[in-house]
Amino acid sequence: MANRTLELDDTLYQYVLDHSIREHPAQTALRAATASHPLARMQISPEQGQFMALLVKLMGARRTIEIGVFTGYSALSVALALPAHGRLLACDLNDAYTRIGQPYWEQAGVADRIELCLGPALETLDARLAGGEAGLYDFAFIDADKVSYDGYYERCLQLVRSGGLIAIDNTLWSGQVAAPATTDDTAALQALNTKLHADQRIDLSLLPLSDGLTLARKR
Ligand code: SAM
Ligand code: CA
């Protein structure tokens, strides 16, 4: 059917990769360095990284936020799309993960654009709001613990400017959002998806890209 999103089998997915991916060598190397990690599936796909980079460039974003860094592939993708004076506030709890990525941020020459903030991201965002940073950011990417997504969303909605964009990852959760929830993560994503659909503070698109990527533009 032409009027709905295609299902990608392995052959067509490989075609998409072969005909679109343009990685910096440091991105390719970071994916290779993460591939053997037991949690490697947490990393965003290269086509998603490239899409987010395109959004950042289209917006002319300069101040950006990431919640959930892991080994730093999505952070690297966004940082490479920023202008030289652009900044990414990168929030994570676990420096054993983020340490893996930092040499690749250096290799790409963008480490100075990334401010890594280790600690519970809700606290980091609250501190930024208390410091007067509401409305100062252009773009935010939410990809940490799912039960806190609503809290991250509400804080990002304050931190981004009018016209700013919040990208929320895993909103289709392997398809589990379409069935009765059996986990707290699924229930949290379902509640957020329902809330976003009715939320008049934003313009909305739920893209069936990777594991589901919701785009919310602050009105
Ligand atoms: N965006 C990353 C990438 O492309 O590689 C993947 C992020 S991974 C799915 C989720 C990350 O969220 C983990 O690195 C984890 O340490 C972090 N995280 C979990 N709970 C958190 C919290 N309360 N505050 C900050 N980071 C948290
Ligand atoms: Ca994710």
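## Chatting through the ligand shell and the helix packing

Student: Hi! Which residues come nearest to ligand 1?
Tutor: Hello! In this predicted model, Gly68, Phe70, Ser74, Ala121 and Ala144 come nearest, out of 20 residues around ligand 1.

Student: And which helix or strand supplies at least two residues of that shell?
Tutor: Helix α4, residues 73-81, does, and so does strand β2, residues 87-92.

Student: How does the shell around ligand 1 divide into nonpolar, polar and charged?
Tutor: There are eleven nonpolar residues, six polar ones and three charged ones.

Student: Okay, zooming out. How many helices and strands does the protein chain have?
Tutor: Eight helices and seven strands.

Student: What does the C-alpha trace span along its principal axes?
Tutor: About 45 × 40 × 35 Å for the protein chain. The radius of gyration is 17 Å, which agrees with the value near 17 Å that a compact globule of 219 residues would have.

Student: Now the helices. How do you describe two packed ones?
Tutor: You give the angle between their axes and the distance between those axes.

Student: So what are the angle and distance for α2 and α5?
Tutor: Helix α2 covers residues 25-35 and helix α5 covers residues 95-107; they pack at about 165°, and their axes are 9 Å apart.

Student: Are α2 and α5 roughly parallel or antiparallel, then?
Tutor: Roughly antiparallel, because angles over 145 degrees count that way. The crossing of α2 past α5 is right-handed.

Student: Which residues meet there, between α2 and α5?
Tutor: From α2 you have Ala26, Ala29, Leu30, Ala33 and Thr34, and they meet Ile100, Gly101, Tyr104 and Gln107 of α5. By class, that contact of α2 with α5 has six nonpolar residues, three polar and no charged.

Student: What about α6 and α7, at what angle do they cross?
Tutor: Roughly 20°, with the axes of α6 (residues 121-130) and α7 (residues 149-159) coming within 10 Å. Angles under 35 degrees count as roughly parallel, so α6 and α7 are roughly parallel to each other.

Student: Is the crossing of α6 past α7 left-handed or right-handed?
Tutor: Left-handed. On the α6 side, Ala121, Leu122, Leu125, Asp126, Arg128 and Leu129 take part, meeting Gly151, Tyr152, Arg155, Gln158 and Leu159 of α7. The contact of α6 with α7 includes six nonpolar, two polar and three charged residues.

Student: Last one! How do α7 and α8 pack?
Tutor: Helix α8 runs over residues 184-198, and α7 packs with α8 at about 35°, their axes being 9 Å apart. Tyr149, Asp150 and Tyr153 of α7 make the contact with Ala188, Leu189, Ala191 and Leu192 of α8. That contact of α7 with α8 has six nonpolar residues, no polar and one charged.

Technical notes: Residues are numbered from 1 along each chain as its sequence is written. Chains are lettered from A and ligands numbered from 1 in the order in which they are written. This is a predicted model: local features need pLDDT of at least 70, side-chain atom pairs count only at pLDDT 80 or more; totals for chains, interfaces and linings use all residues. A residue is near a molecule or strand if its C-beta atom, placed from the backbone, lies within 6 Å of it. Helices (H or I, at least four residues) and strands (E, at least two) are DSSP runs, numbered from the N terminus. Ala, Val, Leu, Ile, Met, Phe, Trp, Tyr, Cys and Pro count as nonpolar, Asp, Glu, Lys and Arg as charged, and the others, Gly among them, as polar. Axes are lines fitted to C-alpha atoms, for helices over the stretch in contact, and angles run from 0 to 180 degrees between N-to-C directions. Angles under 35 degrees count as roughly parallel, over 145 as roughly antiparallel, 65 to 115 as roughly perpendicular and the rest as oblique. A crossing is left-handed if the near helix is turned anticlockwise from the far one by less than a right angle, and right-handed if clockwise. Two residues are in contact if their C-beta atoms, placed from the backbone, lie within 7 Å. The radius of gyration is taken over C-alpha atoms; the globule rule is 2.2 Å times the number of residues to the power 0.38.
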